[in-house]
Amino acid sequence: VEELKLSLDFIHALQNASLDDGGLSEEALHRLRNPPQHILEIDDPAELLSLRHFLGTSNASQHTYANVQEVHNGTFPEQPMLSYAWVRNKLEEWTGVESILSDMCPQSCVAFTGPYSALDTCPRCHSARYDTKILRSSRGKSKKSVLQFYTIPLGPQIQAIWRSRAGAEKMKHRQTRTKQLLEMLETNGALIEEYDDLYHGSDYLNACLRGDIKPNDTVLMHAMDGAQLYKDKESDCWILLWIIIELSADFRYKKSHVCPGAVIPGAPKFMESFLFPGFYHVAGLQREGLRIWNALDDEVFIYFPYYLLGTSDGPGSVHLTGLVGHQGASACRVFCGLKGRRKPGGKTCYPALLKPSGYDVKGSNHPDVHPSNIHGPSETRYLADLQYLLQSRGVTDYGTRRRDTGISRPTLILGLSQRHRLPITASLCGDCMHVPTLNLGDLLLPLWRGIFDCAPTDDSENWEWAVLRGPIWEAHGKAVADSRPYIPGSFDRPPRNLSEKINSQYKAKEWQHYFFGLAPALLYGILPDSYWQNFCKLVFAMRLVLQRSISRADVLAAQKALDEFCLEFEHLYVQDRPDRIHMVRLCLHALMHLGLQIPATGPPSLHATWTMERTIGDLGQEIRQPSNPYANLSEWALIRSHFTPSPILIPKQKSTKKKKEKKKKRFT
């Protein structure tokens, strides 16, 4: 099967990765292998002035910087301010961070990387890779790419962090904390009583005990998601990030410490080809190692990047993991093996636990599944199923085996060094951002309003839970809005009036505050008692799961409540009817894994996609060229990488605060 063969070709290319052909310039490659061994201090007044102005106008346009430069140079000609282009080039020189440009299909089908690198036309839509006019006029001598995308290599960004004393000190957090944890486990019988970081997960700790993760290695989390740059449009570009687990949770998710990975225009049809340059660079570092100069201890050591987790929302996880989409027969994103059920005559599968009465649908007739029988993923079963898929004898056989296994193709993660990554199924994590907010919002509110998709054999007028209609719905929305003055500003985004704004891009934070803060009180006496009590079990569980630090007892209580909520949901809403199986959305099944994964991966909030969504918002606000947003967004991502954090030591300006205070005292 061509699709499987192509995925394997990309994986094999990763397994033979070399930094020499990873797309870096000779100068950048030399610097990568021979990092500067001194702290970068800027003493030149003109350079320092220009850099400060550049930082001060970082959220403005290039035109703003040019205006400031013109005014300054006209006023202070004896101390000139340097051009924007000069500062940009100098930043690249100072930090060592440059972008890797890769050609791509103008329609965003594929990137011309890896096995596709020698092609001149897109294998999907047959669009030309190079500008045909320039190609013809130069008789094939001049090749100008029609469209390119940026990949920002991780290695130079890691080196830049270690090059400052403050950055090096922060990067020692994981090493120190892990040592403390391992010593604690030796004394208390290897039992974790409190999960407050990813370091507490058994997958991470076991990798440390095996010697796969060494003290000087850098542990990474990869995040990717589609970004909607324009209102009322689907995702029109993709953004990739690297999150550095060496840093404490107080720093690693902040804007100044998240490492941009790539910006991909459009909606790719073969995402692996776009992920390839960034993964190839990491795979090369895993084979060769990366020399680091530690500014704190003035020493050089070699580190190897360790791929711990890959996180994304549902659509993004399909690209990253190679598993089937949400309509598949085995659609669980953490590969637990639960088989879905189809409605009679339908094709879409739903993760219903209970088999309805009189239900007889081929391939879906398995008996009831109790939540206690749902377990975490199995690496052994994944590898066996993948091998079974790869033995497909044709397109039809491939379709059958894909349905039976829940695997669409081998994941690109298999190309990374097995010693420097978790097992594939361990690196798949749940989503505690979209699932309990946006996804539940698309399920519960339409049910309670009576507007959820209703089968011809059913009647929504008879749904006893559909109580938010007409004046009651309007009053409920107003009650939500009336609560806004009483919600602290630290709660980020308080929910708006649901009855007026639910179709106006209601945000995940709004859903979170509504479901797990306001709804239990506002729905009391409105929802029938059994439905309200069922909903309160969800609220109880999620309030525990979303804690920054979770005790072992809370994990057990949360998982018990989630299991009960999901099982009762089917009893209350589906009511043993085959024509209501579609009410059991995949987000319900995903909830049951949130508690199960905590002992293995730590608190779900620490590998949620909040960081990705926030970064998308920040970068989107910095776009200053609507006519060419993708190139502009890529440039801002590259600029961001120069300050993640920057190794440049900028002398602090002398503060006049004390002088003002003294004058004030004298006056008093």
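A cavity here is a set of points, on a 1 Å grid over the protein atoms alone, where a 1.4 Å probe fits but cannot get out; its lining residues have an atom within 4 Å of a point. Grid points join across faces, edges and corners, and a volume is the space filled by probe spheres set on the points.

Some ground rules. This is a predicted model: local features need pLDDT of at least 70, side-chain atom pairs count only at pLDDT 80 or more, and totals for chains, interfaces and linings use all residues. Residues are numbered from 1 along each chain as its sequence is written, and side-chain values use heavy atoms, with hydrogens and water left out.

So, what did the search of the whole structure find? Eight cavities of 30 Å³ or more.

Take the largest cavity. Its volume is about 100 Å³. Twelve residues line it, and nearest its centre lie Pro35, Pro36, Gln159, Ala160 and Arg163. Two or more lining residues come from each of α5 (84–95), α7 (154–162) and β8 (290–294). Helices are DSSP runs of H or I, at least four residues; strands are E runs, at least two; both are numbered from the N terminus. The top contributor is α7, with three residues. By class, the lining has eight nonpolar, two polar and two charged residues. Nonpolar covers Ala, Val, Leu, Ile, Met, Phe, Trp, Tyr, Cys and Pro; charged covers Asp, Glu, Lys and Arg; the others, Gly among them, are polar.

Next, the second largest cavity. Its volume is about 60 Å³. Its lining includes Cys332, Lys339, Cys349, Tyr350, Leu586 and His589. Here β12 (349–350) and α21 (586–601) are the elements giving two or more residues. The classes: eight nonpolar, three polar, one charged.

How values were computed:
On a 1 Å grid over the protein atoms alone, a cavity is a set of points where a 1.4 Å probe fits but cannot get out, and a pocket is an open set with protein on both sides within 12 Å along at least five of seven lines; lining residues have an atom within 4 Å of a point.
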